[in-house]
Every structure is written in structure tokens, then in C-alpha cells.
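Please look over the sequence and the model below before reading on. This briefing is meant for someone meeting the structure for the first time.

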Amino acid sequence: MSKRKWGDSPEKQPSDFGLGATLAYLNRGESAFPPQTAIEDDEGWTKVGAPKKKRKQKDGSGRPSNGSRRRSSTSSERRQAQDKTHDERPLALPNPFAKDAGDGEHASPPSNPFSTKKSRDERSEQSPVDSSARDERHKEKSRDRRSPERSSKEANTSSDGKQERELRRKERKLERNYPAIEHCPSARLNSHLKITDFQTLLLYLLADGHAPQWVSVRKRTSINQVVVLMVPGLELGMFNGDVALESQGSSSVNNGDSKDFADASVATTEKSQKPKRIDISPDHYYPAELKRHRLPEVLKPLADIFPNVWPIRAQGDYRGRQFVKLHSPIHTMLTSQIPKTREEKQMKKDHKGPLPQNTKHWENKRTRITEYIASLAEQQENEYVIHPAWFTTPESKAAALERRKAARQTAEDGWVDSNVSLLEDAEVPEKEIEEGSVTAGRRILTIDCEMCKSEHDEFVLTRISALDWDGNVVVDKLVKPDVTIKDYLTQYSGITEAMLQDVTTTLSDIQTELLETITPRTILVGHSLNSDLNALKLTHPFIIDTGIVFPHARGPPYKQSLKWLCQKFLSREIQKGSKGHDSVEDARACLDLVKQKCERGPRWGTGDTNAESIFKRLSRSMRPKQSNQTRAGAVVDWGEPSRGHGAQAQVALGCKSDQEVVEGIERAVKGLAEGKTGATEKVDLVWGRLRELELARGWWDDARTSEDVEALRKAALQRMGRMSEETGSELEDEVVGRELGEAVSRTIDNIVRVYKSLPSCTGLMVYSGTGDPREMRRLNAMHQQYRREYATKHWDNLSVQWTDTEVQALSQACEQAREGVGFVVVK
């Protein structure tokens with residue numbers, strides 16, 4: 001049916017030319033048919049275009065089609081109506097590609113004017129000469145197909161095709177079975193990646209770690225070795241354009257009369273000259289694809305190795321909603337948590353409180369008790385009243401006395417100091433110390449007190465218990481306070497009114513007895529001992545607090561309870577029932593904790609208790625397909641890594657430059673490096689560090705550098721031209737622009753060298769560790785100076801102040817120093 005639309009007059013309708021008419025006009029040079037015109041029907045509607053094509057009523061043989069046979073009983077009437085209105089319809093458009101067909105003949109199919117092949121009719125009209133030539137060519141082809149050379153050639157072609165298909169099939173199979181570490185774009189990340197996530201991936205590849213959630217690993221058993229490269233100095237700003245690695249080119253500006261026009265020209269020129277970098281920031285969870293055209297020239301080689309760049313964050317200590325320090329990125333990567341056994345996991349479900357500490361993989365390190373005496377900074381941090389022996393100058397002693405007067409902690413307020421004039425009075429000659437003794441000639445006195453609340457809401461002493469190193473009770477007495485008690489706190493102290501009814505011992509009597517017992521060689525032991533000493537109104541310079549030597553995971557001012565420590569490390573239950581605490585029982589628990597600390601070592605009871613070296617954990621894992629060989633590791637670093645983080649590694653190589661580090665990694669990967677036994681060792685994990693970029697940017701923390709590494713650092717600075725010839729000190733100006741780009745380029749070249757030296761199926765992980773740590777270090781040094789001066793000077797004479805502004809600045813600097821980058825790939 002034709003389309004109709006409402007119109008005012010058929011003359012206003014434009015002429016319509018079809019595609020067929022256009023092609024026919026181009027081929028024949030004239031119009032194949034007159035333009036189509038629109039007509040108006042009786043109802044006022046204008047018909048546009050020809051009526052819908054009828055179906056074919058005849059097939060190719062001239063017989064009527066099946067559709068034409070199916071007619072209704074009123075087909076004749078319809079035909080008469082169609083004949084009546086035939087003259088009123090517009091003429092049907094002829095087919096410009098069809099030849100004129102006679103009546104009763106089927107029209108030939110249209111020819112394609114763009115085809116180079118000839119139709120059947122055109123081929124039949126060829127001359128006899130062309131026909132005979134075509135027959136000769138056909139016979140010649142037939143002879144060629146029957147010839148043996150032709151058959152051999154076709155066979156070779158068929159064989160080559162089969163070989164190519166087989167080769168492509170093998171390549172696809174190899175690609176499917178080749179190991180890979182890939183990021184799935186549909187993966188959901190809930191937080192930033194941390195260095196521990198890289199460690200999790202490493203342990204999953206080589207040991208008994210859990211599968212990571214941020215990447216997918218294919219054929220992990222085929223990954224034979226892993227190289228972890230730490231490159232301090234790389235940061236995310238180099239990839240998103242925040243840190244310029246090239247010198248800024250000068251742009252020409254039109255010197256017009258209008259200043260606004262000149263400013264607009266400068267802005268347009270700078271905007272057009274600034275290249276588009278990778279869209280990634282430290283706030284992103286997900287990686288960014290490394291595209292060569294969006295990277296600076298010095299970073300483009302990384303795009304040929306790694307598919308993505310990951311934003312990585314370092315671990316840190318978080319106190320009171322503020323960051324105070326960062327953990328070492330080396331320690332974080334090379335120290336792993338000891339996995340829990342199946343029995344421990346099952347016990348956790350049924351056990352109340354902390355699980356007993358597992359000592360299966362622990363190595364004891366017997367240590368003298370003097371190693372655990374709280375320092376001046378620790379006592380100040382834990383709110384101890386400082387003994388005068390800690391202050392050596394008259395000015396510092398006067399400042400400390402003024403602070404004690406302000407806090408009402410002087411002799412006029414009932415406070416006493418132990419009889420220690422100098423800290424050196426406590427030293428014991430080595431000849432007087434028994435061999436293997438952990439007490440080091442000192443007398444140990446463990447103290448625990450019970451307190452009640454007075455009418456002034458102050459805690460007053462009501463019972464004291466003291467034990468010696470052998471656990472014998474030295475003092476255990478009830479004390480009658482000189483103020484009225486408002487609350488006996490029986491559920492905690494175990495003290496009742498009836499217990500103190502006939503007591504005559506006072507606080508002064510206890511102080512006198514303790515001063516006779518405590519000597520300069522006496523060490524006081526207790527849990528949260530500052531509370532006990534405040535109740536006793538006593539100061540002593542040498543104390544051991546189990547709340548300090550068994551630190552809380554979140555750091556000061558948080559402390560673990562004595563009950564929790566006993567459950568965890570002594571597998572003992574104390575403070576049970578509703579009768580309150582027993583001071584003798586609590587003092588004995590503190591004594592046993594300190595004895596255990598001396599036997600186990602300084603790391604016992606800290607965050608490292610449940611941790612071990614990653615190389616030690618690897619040594620318990622077997623190599624795949626080699627049931628009798630365990631994994632081994634190597635450390636390649638500046639200086640002597642065998643004395644530090646490489647102590648547990650089978651191979652430790654010391655270097656003097658980044659070039660030596662690259663060469664050492666190559667030897668270790670190939671199994672040519674000598675181990676600690678003197679023989680070459682095949683290693684599965686190689687950890688190395690490139691430090692020249694860190695040195696060029698001034699990020700090297702020289703405060704913690706040993707003497708041998710400090711000599712290497714100065715030699716490297718001299719080699720890099722960063723030492724002043726006049727003063728012989730390090731240049732203080734910051735490396736930026738092209739000079740920074742050159743330093744980065746040298747480091748990238750070393751990374752490429754490491755990658756090229758790796759054999760196939762070797763994993764490569766690169767991480768920067770931290771961001772710029774200089775501001776954080778400056779504020780930390782400022783805080784330490786403030787604490788030293790606060791202990792020895794008056795407030796008005798302090799050279800630095802530490803207020804909430806500095807606390808906020810330190811937290812922000814730590815946040816910025818946490819930001820780093822990481823890369824992962826399998827060669």
C-alpha cells in the first residue's frame with residue numbers, strides 16, 4: 001500500500017528520483033524514466049511513491065506461482081475494481097537494470113553496473129575466436145591439473161597449510177597454559193592495596209599463602225622464580241604529570257597591543273603544549289593501564305614490560321585518629337605472619353579470650369633483664385613521675401622540680417625519691433655477674449598494689465605486695481589511708497571495710513620500709529607500674545613495666561590487661577571470681593612474664609611474636625615436581641644485608657651501586673651466586689633494592705645508616721656529582737626537571753636490564769615502598785627534640801614547640817609518605 005500524507009496541493013510536492021534512475025542516468029547518459037509525481041486522492045490525502053510491489057505471479061518457467069493460485073471467491077470482483085481505478089494510479093517505475101521483455105517472457109535479472117564479470121547472454125554473444133580461445137585455456141588447465149608437478153605443488157601447499165594451522169593451535173594452547181598475573185576489570189576492590197597485599201601474592205606463588213583477591217593468577221605452579229625489586233624514589237606523580245621529568249620549554253607569545261590577548265595566548269599555548277598523562281591519583285583503588293603515548297619519554301620502557309601501574313600504600317601506626325609513623329617497607333615485605341594450624345583454628349572457635357602463644361617456630365634469644373628497663377622517653381610517654389637521677393644539669397633539675405611542684409608531687413605533698421644520686425650507681429662490674437645470669441647482678445622487686453577511692457575521688461593505697469626474683473614474698477601488708485574512703489572497690493581490689501578496721505600501718509611506714517629495701521641496683525617490676533608508684537608516692541629510675549615490654553598492637557597509650565597477657569603468654573587464669581584481685585597473685589604473674597621475656601628475647605610479646613622471616617617460611621615449602629628440595633631465597637642490597645633483613649636468606653650479596661645490584665640479581669636468578677655455605681645456591685625468591693634514585697632525590701635516611709653504608713652513600717653521591725667540592729657535604733638543592741628525568745631514566749634502564757635477564761615463567765614485582773618521607777622525618781626529629789628539651793628545660797626556654805598544629809602536620813606528612821606505586825608481571 002502506498003504511503004499517504006495530508007497536503008494542500010500536489011504541485012508543491014518535490015520530484016522523487018530513485019537509486020535505479022540515478023544509476024541508469026549515469027550509465028546511459030539519459031533519464032530512464034520521467035520523475036515521479038505525487039497525486040491527490042478523493043479524500044484529500046496525497047500519495048507519495050509507487051504502490052507496493054506485487055508478489056511474483058509467475059515463476060521462471062512462465063507458470064503461475066503458488067501465491068497466484070490462492071484466490072478467494074470474490075477475486076473477479078476485485079479485479080474489476082482494480083481495472084476501474086487503474087487509470088487513476090500513478091505509473092509504476094520501470095527497472096532501469098532490466099532489459100525489455102516481450103509479452104509472456106520473463107524479464108532477465110538486472111545486471112550489476114559495477115561488476116567486471118559478464119552475464120550469460122553477453123558471454124553467448126562473444127565471437128567464435130574468443131570461444132575457441134576459452135576452450136584452449138580450459139584444456140590447458142586440465143592438463144596442468146593432471147601433471148605430476150602440479151599435483152606435487154598442490155600437495156606441498158596443502159602440507160604447509162596444515163603446518164601453519166598446527167603451529168597456530170600450539171601457540172593458542174601455549175598461551176592458555178602460560179602463567180600470567182592479570183587484573184580483572186570486573187573485580188571489586190574495597191580499599192587501597194598495601195605492601196602486605198604484594199607479600200600475599202608472593203607467598204601464594206611460592207609458599208602456602210592464600211590466593212589474592214586483587215589479581216587473578218593463571219598456572220601459578222609454572223612460575224618457577226619471583227624477583228621482588230624495591231625502587232624508592234618512584235612515585236605516582238611521575239605517571240599522572242604532577243612531577244615533571246622534563247624541562248619546561250619556553251613558548252613564544254604574540255607581542256600585541258592588548259595585554260589580555262597576550263595572556264590568553266600564553267594560557268592557550270601552555271594548555272596545548274601540556275601532554276595528557278595517565279588518569280590516576282593516590283585516592284584510586286584500581287590500577288591504570290600503561291600507555292606509551294601518555295607516559296614521559298623516560299617512563300615509556302615500563303609500558304613494554306608491565307600492563308598496569310598500581311597505587312600502593314605503606315603500613316603505619318595510627319593513634320587517636322592521627323598517623324604518627326610508618327613501618328619499614330623492607331620489614332613489611334620480608335616479614336610474614338606465621339600461619340595458624342588447623343588445631344589453632346579449631347581452638348579459636350571454642351576458646352574464650354586470647355589463644356595461647358604458639359612457640360613452634362620461635363627461636364629463643366636469652367637476654368639480660370637490664371635490656372628491658374624503661375627509658376626516659378618511655379617513662380614520660382607512660383606518665384611516670386621522673387626520678388631526679390635522670391636529669392644531669394642544674395637547669396634540667398630545676399625545670400623538673402617546677403613541674404613536680406605544679407603537679408603537687410614533691411616532698412611537701414608526701415612524695416619520696418629512692419636513694420639514687422646518679423644512674424651510673426646502678427652499674428655492676430662484669431666480674432661480679434654470674435655467667436649466664438639474666439639478672440646481671442641486679443635485685444628484682446615485683447610490686448603490686450590495691451587501691452580504694454577516697455572522698456576526694458583519689459585512689460589511695462590500701463594493700464601492697466612485693467616479691468623477689470625467686471617468688472618469695474618480701475612485703476604483703478594492708479595500709480590504713482589517712483583520708484575517708486568513699487568506695488572500697490571490692491570487686492576489683494578485694495578490700496572490705498572490715499579488713500581495714502584494725503590496721504594501723506600508714507603510707508609513711510610503707511615508704512620508709514621500701515626506701516630501706518630499694519637500692520641503686522634494685523629494679524622495680526610491675527604492670528602499669530605508674531599507677532602503683534603514684535599510690536605509693538614513690539619515684540625510682542629503674543623500672544620494668546610489662547605493659548611496655550608487652551606492647552599493645554596500637555601503641556601507647558593503649559595497654560593490654562594483665563589478665564589478657566597471662567592468658568596469652570602464660571596460659572594462666574587470674575583475677576577470677578567476684579572477690580576481687582589478689583596483689584600477690586598479680587605480682588607473681590608480672591614476675592613470670594618478665595622471666596619469660598628474658599628467656600625468649602626482646603621480640604617476644606611484640607608484633608613479631610607471630611611473625612617470621614619470609615625466607616624461613618619459604619624454607620618449609622617444597623619446590624613443585626621436586627619433592628626432596630625446599631625453596632630458598634636471596635637478598636641483593638647495598639652494604640652487608642647478611643647482618644639485617646637478609647640474615648635468614650640462603651644467599652646475601654652486598655653491593656656498592658645499582659649496577660652491582662642488577663648483576664647480583666642476574667647471578668642469583670641463574671643459580672650462580674654463592675650462598676652462606678660457600679657453594680652456589682639455586683634460589684626461588686630474589687629481593688633487591690635500587691637506591692640511586694632515592695639518593696639523588698634526597699630520600700635516603702642517613703640517620704639510620706651504619707658506617708659502612710654511609711661510606712658507600714658518600715661515594716655514590718660523589719660519583720653522581722651531588723657532593724660539594726668546597727665543603728665536601730651533600731648538595732641541598734632538590735633534583736627537578738631534566739636532572740630528575742635523567743636519574744629516573746637510569747633507574748628505569750636498570751629495571752629493564754633486570755627484566756631482560758630473567759628466564760621465562762619468572763615473576764617480577766616492583767614496588768617503591770613509600771612516597772616522599774622528608775617532611776615526616778623532619779617533624780619526627782622535631783618531636784624528639786621537643787621531648788628531650790621538655791625533660792631538661794623550662795617551658796619558656798624550649799627551642800621548639802609541639803602543639804596540635806604540629807600533630808596535624810605530622811599526620812598529614814605520614815599520609816603523603818604512605819603513597820607509593822607497584823608493578824606486577826610474568827615474563
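What follows covers aromatic pairs, salt bridges and a charged surface patch, in that order.

The model is a predicted one. It holds eight aromatic pairs and 29 salt bridges, and several of these contacts are described below with their place in the chain.

**Aromatic pairs**

- F306 and F823 form a tilted aromatic pair, with 5.1 Å from centre to centre and 35° between the planes.
- This pair links distant parts of the chain, since F306 sits in the loop between α10 (300-303) and β9 (308-313) while F823 belongs to strand β28 (residues 819-826), 517 residues apart.
- F306 is buried, with a relative accessible area of 1%, and F823 is also buried, with a relative accessible area of 1%.
- The ring centres of W362 and W604 are 5.3 Å apart and their planes stand at 70°, so this pair is edge-to-face.
- W362 lies in the loop between α12 (342-350) and α13 (376-381), and W604 in the loop between α20 (583-600) and β21 (611-613), so the pair ties together parts that are 242 residues apart in sequence.
- W362 counts as buried because its relative accessible area is 13%, and W604 is buried at 1% relative accessibility.
- W362 and W604 also belong to one aromatic cluster, together with F550 and F569.

**Salt bridges**

- E599 forms a salt bridge with R366, in which the closest N and O atoms are 3.0 Å apart.
- E599 is partly exposed, at 35% relative accessibility.
- E692 and R719 meet through their side chains in a salt bridge of 3.6 Å, N to O.
- Helix α23 (residues 692-696) holds E692 and helix α24 (residues 707-720) holds R719, so the pair joins parts that are 27 residues apart in sequence.
- E692 counts as buried at 16% relative accessibility, whereas R719 is partly exposed, with a relative accessible area of 48%.
- K325 pairs with D317 in a salt bridge whose closest N and O atoms are 3.5 Å apart; K325 is partly exposed at 39% relative accessibility, while D317 is buried at 14%.

**Charged surface**

- K162, R165, R168, R172, K173 and R176 form a positive surface patch.
- One of these residues, R172, is found in helix α6 (residues 148-177) and counts as partly exposed, at 45% relative accessibility.

How values were computed
Residues numbered from 1 in each chain as written. Predicted model: local features only at pLDDT ≥ 70, side-chain atom pairs only at ≥ 80, totals over all residues. Heavy atoms only, no water. Patch = residues over 30% accessible without salt bridge, like charges linked within 9 Å, V, L, I, M, F, W, Y side chains within 5 Å. Areas by Shrake-Rupley, 256 points an atom, 1.4 Å probe, with all protein chains shown as cover. Salt bridge = Lys/Arg side-chain N within 4 Å of Asp/Glu carboxyl O. Lys, Arg positive; Asp, Glu negative; His and termini not counted. Charge placed at Lys NZ, Arg CZ, Asp CG, Glu CD. Helix = DSSP H or I, 4+ residues; strand = E, 2+ residues; numbered from the N terminus. Buried < 20%, exposed > 50% of the residue type's maximum accessible area, 1.4 Å probe, protein only. Phe/Tyr/Trp six-rings, centres within 6.5 Å; stacked < 30°, edge-to-face > 60°.
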